[in-house]
Amino acid sequence: MLEPYRSDFNARFTEAKYAELLRLLDERTRTHVEFRVAETPCFFSPELMDRMVHAGVELTSQLLGNAKYMKESDAAIPAEYCVPNQEAHPHFMTVDFGLVRDANGELQPKLVEMQAFPSIFGYQPMLAETYKEVFGLDPALTSFFGGMDEAAYWALMREVIVGEHDMKNVVLAEVQPESQKTLPDFRMHEQHLGIRTVDVAKLVKEGKQLLYRDEASGRLVPIERIYSRVIVDELQRKGISLPFDYRDELDLEWAGHPNWYFRVSKFSIPHLDHPTVPAAVFLDDWYAGVGRDRLPADRNRWVFKPLYSFAGKGIQFAPSDDDLAAIPAEERRNYLLQERVSFEPVIHTPEGPTQAEIRILYVWPDDGEMTPMTNLVRMGRGLMMGVDHNRDKTWVGGSAGLCPPI
């Protein structure tokens, strides 16, 4: 896409430069980037990116402005993970799009999913700039939106994550963070914001306060704000016990209130009415005969998804009756049947045309507006676009979208 950038990059690519890219990513994140990094960034027109940016805002507004949806989304929050003192809107939003061709042959974005949960906000800008540096790309190319530069980007990230608190009292909380593939992202947040990364299971509760143990001094430090990266699905799968109950009235703030992870998710898709949204129906509704006519007649064009999992876990293509019946009746409301969208392979690489899934990353300050920040691209040539599903291929994996200035 977007000539002459694409052809020029392919012509000047060398394996030595790619090796240097990987070396610098490890150096700058002070750890090893375990997931596959694509050999190339993706070059998109500002107009196409702008369409996705605006669609994400429209989709989010459609949900939050719908009183019926907001009431129904209360039920999406498991009782044992319902956290008090939820803010009026999420601090973070990610909206994923694939690209399809319409009847006129024009590329159009199609929603894959959306999640009111932080993504790799720290790693992505660094990845984009490292691509530009290593491959000698046009310095005017940018991964930021709205004329933002790196300084403005991190100033807004600081406002949303740290707020008015001392950085020593703000933590990034995750399950066993040192073993997470997103550790490179955590390191970039530490570098730019000065916050600590902590294992959520090692926190200490004293009354209504949570504390973490400072590694250097051994002292317990009170937490005033938590940048939560904890996925409940992982807590449950690993049987991890926490030193606090999500329902506790704690004397702290959340940067990314946990309830929003459930409120805006795959659960949202059947409630949306927008040209970018594929047909979808909850499994319990499907069994009740509700919404069956929304799905294509050809079951090969169906995707079957659990609502609350990450990184493509549990997704099935062309599910059989036995696959659907294997879900207990009381669990069916936590599963989704969705129209499978055939993405156009628009990235021309030496390995052939490759698909791209583009994630738009937004933040939403307490007293501000939903603001597009940067993007994440996942390149792939298989059924699944996640980096875990393309490890045995080349010219696929995690990437960044770059645009020339308008």
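Strand β6 and strand β7 (residues 209-213) pair in the antiparallel sense over three bridges; two strands count as paired if DSSP finds at least two bridges between them. K205 stands opposite L210 in β7. The model is predicted, so local features need pLDDT of at least 70 and side-chain atom pairs count only at pLDDT 80 or more, while totals for chains, interfaces and linings use all residues. Residues are numbered from 1 along each chain as its sequence is written, and side-chain values use heavy atoms, with hydrogens and water left out.

**The sheet**

- Three strands form an open antiparallel sheet in the order β6-β7-β8.
- Because β6 (204-206) and β8 (220-222) each have a single partner strand, they stand at the edges, and one side of each has no neighbour in the sheet.
- Helices (H or I, at least four residues) and strands (E, at least two) are DSSP runs, numbered from the N terminus.

**The second largest pocket**

- About 470 Å³ of space lies in the second largest pocket.
- A pocket is an open set of points on a 1 Å grid over the protein atoms alone, where a 1.4 Å probe fits, with protein on both sides within 12 Å along at least five of seven lines; lining residues have an atom within 4 Å of a point.
- The volume is the space filled by probe spheres set on the points, which are joined across faces, edges and corners.
- Of the 17 lining residues, T197, V198, D199, R213 and E215 are the closest to the centre of the pocket.
- β5 gives the most to the lining, with four residues.
- The lining divides into six nonpolar, two polar and nine charged residues; Asp, Glu, Lys and Arg count as charged, Ala, Val, Leu, Ile, Met, Phe, Trp, Tyr, Cys and Pro as nonpolar, and the others, Gly among them, as polar.

**Salt bridges**

- The structure holds 25 salt bridges, each a side-chain nitrogen of Lys or Arg within 4 Å of a carboxyl oxygen of Asp or Glu.
- One of them joins R378 and D96 (3.0 Å, N to O).
- This pair links distant parts of the chain, with R378 in strand β17 (residues 371-380) and D96 in strand β2 (residues 92-101), 282 residues apart.
- Both R378 and D96 are buried; buried means under 20% relative accessible area, exposed over 50%, and partly exposed in between (1.4 Å probe, protein chains only).
- K132 and E129 meet in another salt bridge (3.4 Å, N to O), and both lie in helix α5 (residues 123-134), three residues apart.
- K132 is buried at 11% relative accessible area, whereas E129 is partly exposed at 34%.
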